[in-house]
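Reader: Please walk me through how to read helix packing and ligand contacts in a model such as this one.

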Amino acid sequence: MTILITGGAGFIGHTLTNYLLNQGHTVLLVDNFNDSYDPAIKWQHIESLRHLPNWSLLQGDIRDKRFMRQVFQANAIDGVIHLAGLAGVRASLQNPAAYFDHNVNGTAVLLDTMRNAGVKRLVFASSSSVYGVRAGGTFQETDSAEDSVSPYALSKRAAERLCQQHHRLYGLNVFCLRFFTVYGPQQRPDMAISRFIHQLHSGQPICLFGDGRSQRDYTYVDDIVLGISRAIERVKGFELINLGSANPVTLLELIALLEQQTKRRVPLNWFTDQPGDVPYTHADIRKARQLLDYQPTTDLAEGLRRMVISYQQNHVYLPALD
Ligand SMILES: NC(=O)c1ccc[n+]([C@@H]2O[C@H](COP(=O)([O-])OP(=O)(O)OC[C@H]3O[C@@H](n4cnc5c(N)ncnc54)[C@H](O)[C@@H]3O)[C@@H](O)[C@H]2O)c1
């Protein structure tokens, strides 16, 4: 298949590209290299693909109708994996308009261009944040997702609904995958685990929000990538599908695991909960199992071990404590 990946220079995008190329697909990457974090990191992701065949980079913005039309006119695209957008809950409270522009307007331009080009397969990167604040239980795709607590979550929910509308109006086949906190080597530098590993290695205090009992269903990036790749092969109709690990851990458990893996300890500085954060996420992954034969295989300790090794190989760091 020839697959277009929007946001292909990002954390998940370049990991996915590597996997799809090794599976024999041809991949076109679209990315605008914005400064949501240091664009040099995104260029490093691109560099890491240089040894592989059958991919090309098209630098541009998904909101740019002319650019997107040219991309679809110049290439015979079988399907699109749409990862481009602004990610992160807290930053979305600082700049909500930019989140709606990239995530909703950008998705609308992409959908319109796909319709005009007759491309019928789409996988969209949505987020567990659409479920809002929940006290317990697992999150099912049939649960309400109408009480978002951040502009980011609302923008993802709006984009899901745009996809659903294109399915109804124009017969687009779309799987909206709701990712649960993705981690692994080259995780975005603004995300919690990346920051904690950096703070542990550089001897800085770790800044934490809440009381340590908040829980996240951390999901290893290779498991997410496998789920996405099955989704683009099997996409049919319109479906919302959770991709998580179904195994939430508390913030305190996460810190303990990181201290074990890095063999380091630093002071913990506690702050009150941030607006927009949710206390708890827990994916019900039965639908993903059924439709995608999805089965997460990397547990948190092993995933963190790989992430710490990757960090140590790529950064200057302090010697370990005895
Ligand atoms: N990482 C997670 O835990 C997580 C969880 C849920 C959902 N998601 C979603 O998955 C997708 C990928 O996440 P990631 O962690 O790899 O983020 P990322 O920021 O590393 O990747 C997103 C990429 O999209 C590009 N981009 C942004 N706006 C663009 C535009 N208008 N035109 C072209 N390119 C644009 C960015 O330059 C970036 O390279 C995002 O949509 C994110 O919201 C991620």
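**Helix packing and ligand contacts**

Author: Helix α7 passes helix α9 in a right-handed crossing, where right-handed means that the near helix is turned clockwise from the far one by less than a right angle. This is a predicted model, in which local features need pLDDT of at least 70 and side-chain atom pairs pLDDT 80 or more, whereas totals for chains, interfaces and linings use all residues. Residues are numbered from 1 along each chain, and side-chain values use heavy atoms, without hydrogens or water.

Reader: At what angle do α7 and α9 pack?

Author: α7 (residues 192-202) and α9 (residues 251-262), both DSSP runs of H or I with at least four residues, pack at about 45 degrees with their axes 11 Å apart.

Reader: Which residues of α7 meet α9?

Author: With contact meaning heavy atoms within 4.5 Å, Ile193, Phe196, Ile197, Leu200 and His201 of α7 meet α9 residues that include Leu251, Leu254 and Glu259. The contact of α7 with α9 has 8 nonpolar, 2 polar and 1 charged residues.

Reader: Which residues are closest to the ligand?

Author: Of the 30 residues that surround the ligand, the closest are Asp31, Tyr37, Leu83, Tyr152 and Val182, counting residues with a heavy atom within 4 Å. Among the polar contacts (N or O pairs within 3.5 Å), a ligand nitrogen lies 2.9 Å from a side-chain N or O atom of aspartate 61, and a ligand oxygen lies 2.8 Å from a side-chain N or O atom of lysine 156. A ligand oxygen is also 3.4 Å from a polar backbone atom of glycine 10.

Note on methods:
Axes fitted to C-alpha atoms, helices over the stretch in contact; angles between N-to-C directions. Helix = DSSP H or I, 4+ residues; strand = E, 2+ residues; numbered from the N terminus. Nonpolar A, V, L, I, M, F, W, Y, C, P; charged D, E, K, R; others polar. Polar contact = N/O pair within 3.5 Å; in protein donor to acceptor, adjacent residues only side chain to side chain.
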